[in-house]
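Student: I have a structure open in my viewer, and I would like to learn how to read its contacts. Could you walk me through it?

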Amino acid sequence: MANDGEYCFNHCNGYCCTKYTVLITTEDIKRILENTPLKPTQFLTLYYVNEEILKLFPKITLASEDIVLGLRQRPDGSCIFYLKELGLCGIHLYKPMVCRTYPFTLNDKGQLIRLENICPGEWYPKNIEDLKDQIRQAWYEMEINKKKIEMWNKKNSDLGFNDLIKFILKDI
Ligand code: SF4
Ligand code: SF4
């Protein structure tokens, strides 16, 4: 569900929040833990890597297994934060960057483009410049994510989940 949630609220029942697995970065996790009372196990889960995932996210070696981190899902596949009755995101202010920017990205000319046509209409957010800033921020945080995970994998790959969370909360 996009950051400018008005269109999503009025025209969609949170399709992307119910159909997709949401993988997240170290910086998304840090932001949620620093700004909410949530414990990591309440919203995070581990996913095993495959080729598709590795095109977008670096693998984390945790207790000698290769994984990525993502949001937990309910048994029906919906995101743990999705408020079905209201059609809203329960963590709107701190939602992962991928949710803030989806389904948009920037082309090499810096123009806003749609990644895929899964929304019920061809909409654009009201504040396009704000969305462009969010996309650039998301890319920046992907780079920090990559660096942090490289550091973790080099030194700590035999350690476990709690150590990983402590590491994620540090600034590099
Ligand atoms: S599928 Fe599109 S319109 Fe529906 S919630 Fe997701 S971003 Fe919003
Ligand atoms: S965090 Fe919010 S916007 Fe992202 S998938 Fe979950 S409910 Fe949807």
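Tutor: We will go through aromatic pairs, salt bridges, a surface patch and a loop residue.

Tutor: Please keep in mind that this is a predicted model, where local features need pLDDT of at least 70, side-chain atom pairs count only at pLDDT 80 or more, and totals for chains, interfaces and linings use all residues. Residues are numbered from 1 along each chain as its sequence is written, chains are lettered from A and ligands numbered from 1 in the order in which they are written, and side-chain values use heavy atoms, with hydrogens and water left out.

Student: Happy to start with the rings. How many aromatic pairs are found in the whole structure?

Tutor: Rings of Phe, Tyr and Trp (its six-membered ring) pair if their centres lie within 6.5 Å; planes under 30 degrees apart are stacked, over 60 edge-to-face, and the rest tilted. Searching the whole structure gives six such pairs. One of them joins Y7 and W123, which are stacked with 4.8 Å between centres and 5 degrees between planes.

Student: Where in the chain do Y7 and W123 sit?

Tutor: Helices (H or I, at least four residues) and strands (E, at least two) are DSSP runs, numbered from the N terminus. Y7 belongs to helix α1 (residues 5-11), while W123 is in the loop between β7 (112-114) and α7, so this pair links distant parts of the chain, 116 residues apart.

Student: Are Y7 and W123 buried or exposed?

Tutor: Buried means under 20% relative accessible area, exposed over 50%, and partly exposed in between (1.4 Å probe, protein chains only). Y7 is buried because its relative accessible area is 17%, and W123 is buried too, at 6%.

Tutor: For another geometry, look at Y20 and Y102: they pair edge-to-face, 6.0 Å centre to centre with 75 degrees between the planes. Y20 lies in the loop between α2 (15-19) and α3 (26-35), and Y102 in the loop between α6 (97-101) and β6 (104-106), 82 residues apart. Y20 is partly exposed at 30%, whereas Y102 is buried at 14%.

Student: Which residues form an aromatic cluster?

Tutor: One cluster is made by Y7, F104, W123 and Y124.

Student: Now the charges, please. How many salt bridges are counted?

Tutor: Side chains of opposite charge can pair when their charged atoms come close. The rule asks for a side-chain nitrogen of Lys or Arg within 4 Å of a carboxyl oxygen of Asp or Glu. By this rule there are eleven salt bridges. Among them is D28 with R31, whose closest N and O atoms are 3.1 Å apart. These two are three residues apart in helix α3, so about one helical turn separates them. Both D28 and R31 are buried, and together with E141 they are linked in a network of salt bridges.

Student: Finally, where is G160?

Tutor: G160 is in the loop between α7 and α8 (161-168). It is partly exposed, at 25%. Its C-alpha atom lies 9.9 Å from that of E65, although the two are 95 residues apart along the chain.
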